[in-house]
Amino acid sequence: MIHELAHKLDMLRDGANGAPPMHPDMRPGEWHDIFSAAWDRLENDLQHHRSLPLDDYALTSPAEFFAVCSETFFETPETMKQDMPKVYGLLCQFYRQQPLPVAASKMQLAGNN
Ligand SMILES: [Zn+2]
């Protein structure tokens, strides 16, 4: 459900490519950099048979990566925040949601500085 919804959002701009339309206060460049870095790290973990914080189906395409990250963000936010703090921060901005209580999450949003 969340997964499919993420695909729908993703498709609103240039087809499903893992880069959905963002809020005006978000930076597409930052989105790209953070998601690319997370992808590279997970792919490396996978190659070295380390366990991943999300379903490895995520690594089939950027669109699936975004959809699986969204799923993980809502279903196991603790895991995501711990293992992928920057992606977690971006998804908080994107979905305008805080799956974890703010006090517990001490957002690692790089801040708009
Ligand atoms: Zn999918």
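This is a short tour of the structure above, stop by stop, with something to select at each one.

**Before you start**

You are looking at a predicted model, in which local features need pLDDT of at least 70, side-chain atom pairs count only at pLDDT 80 or more, and totals for chains, interfaces and linings use all residues. Residue numbers start from 1 along each chain as its sequence is written, and side-chain values use heavy atoms, with hydrogens and water left out.

**Stop 1: the whole chain**

Switch to a cartoon view. The protein has six helices and zero strands, and from the N terminus on its elements run α-α-α-α-α-α. Helices (H or I, at least four residues) and strands (E, at least two) are DSSP runs, numbered from the N terminus.

Now colour by accessibility. Of the 113 residues in the protein, 42% are buried. Buried means under 20% relative accessible area, exposed means over 50%, and partly exposed is in between (1.4 Å probe, protein chains only). The protein exposes about 6400 Å², with 54% of it supplied by carbon and sulfur atoms; these areas come from the Shrake-Rupley method with a 1.4 Å probe, and for residues only the protein chains shown count as cover.

**Stop 2: the zinc ion**

Select the zinc ion along with His3, His7 and Glu64. Which atoms coordinate the zinc ion? They are NE2 of His3, NE2 of His7 and two OE entries from Glu64, at 2.0 to 2.7 Å. Donors here are N, O and S atoms within 2.8 Å of the metal (3.2 Å for Na, K and Ca); water is not among the atoms, so sites may look incomplete.

Try the angle tool next. The four donor atoms subtend angles of 53 to 145° around the zinc ion, which makes the arrangement irregular. For reference, four donors count as tetrahedral if all angles lie between 85 and 135 degrees; four count as square planar and six as octahedral if opposite donors are over 155 degrees apart and all others between 65 and 115; anything else is irregular.

Along the chain, the donors follow the spacing H-x3-H-x56-E. His3 and His7 are four residues apart in helix H1 (residues 2–10), so about one helical turn separates them. Both His3 and His7 are buried.

**Stop 3: the nonpolar core**

Show side chains for Trp31, Phe35, Phe65, Cys69, Met84, Val87 and Leu91. These are the residues with the most contacts inside the largest nonpolar core, which has 29 residues. A nonpolar core is a set of buried Ala, Val, Leu, Ile, Met, Phe, Trp, Tyr and Cys residues joined through side-chain atoms within 4.5 Å. Helix H2 (28–47), helix H3 (62–75) and helix H5 (85–95) each supply at least two residues of this core, and the largest share, seven residues, comes from H5.

Centre on Val87. Leaving aside neighbours within four places in sequence, Val87 is in contact (heavy atoms within 4.5 Å) with Ile34, Phe35, Ala38, Cys69 and Met80.

Then select all of H5. Nine of its eleven residues are buried, so H5 is largely enclosed by the rest of the structure. Among the buried residues are Tyr88, Leu90 and Phe94.

**Stop 4: salt bridges**

A search of the whole structure finds five salt bridges; each is a side-chain nitrogen of Lys or Arg within 4 Å of a carboxyl oxygen of Asp or Glu.

- Asp25 and Arg96: their side chains meet at 3.4 Å, N to O. Asp25 sits in the loop between H1 and H2 and Arg96 in the loop between H5 and helix H6 (102–105), so the pair ties together parts that are 71 residues apart in sequence.
- Glu30 and Arg27: this salt bridge is 3.6 Å, N to O. Glu30 counts as buried at 18% relative accessibility, while Arg27 counts as partly exposed at 41%.
- Arg41 and Asp45: the closest N and O atoms are 3.5 Å apart. Both residues lie in helix H2, four residues apart, about one turn of the helix.

**Stop 5: positive phi**

Finish with the backbone. Most residues other than glycine have a negative phi. Which way does phi point at Arg96, positive or negative? Just after H5, Arg96 takes a positive phi of about 55°. Asp14 also has a positive phi, near 55°, and lies in the loop between H1 and H2; at 64% relative accessibility, Asp14 counts as exposed. His49 has a positive phi of about 55° and is found in the loop between H2 and H3. At 74% relative accessibility, His49 counts as exposed.
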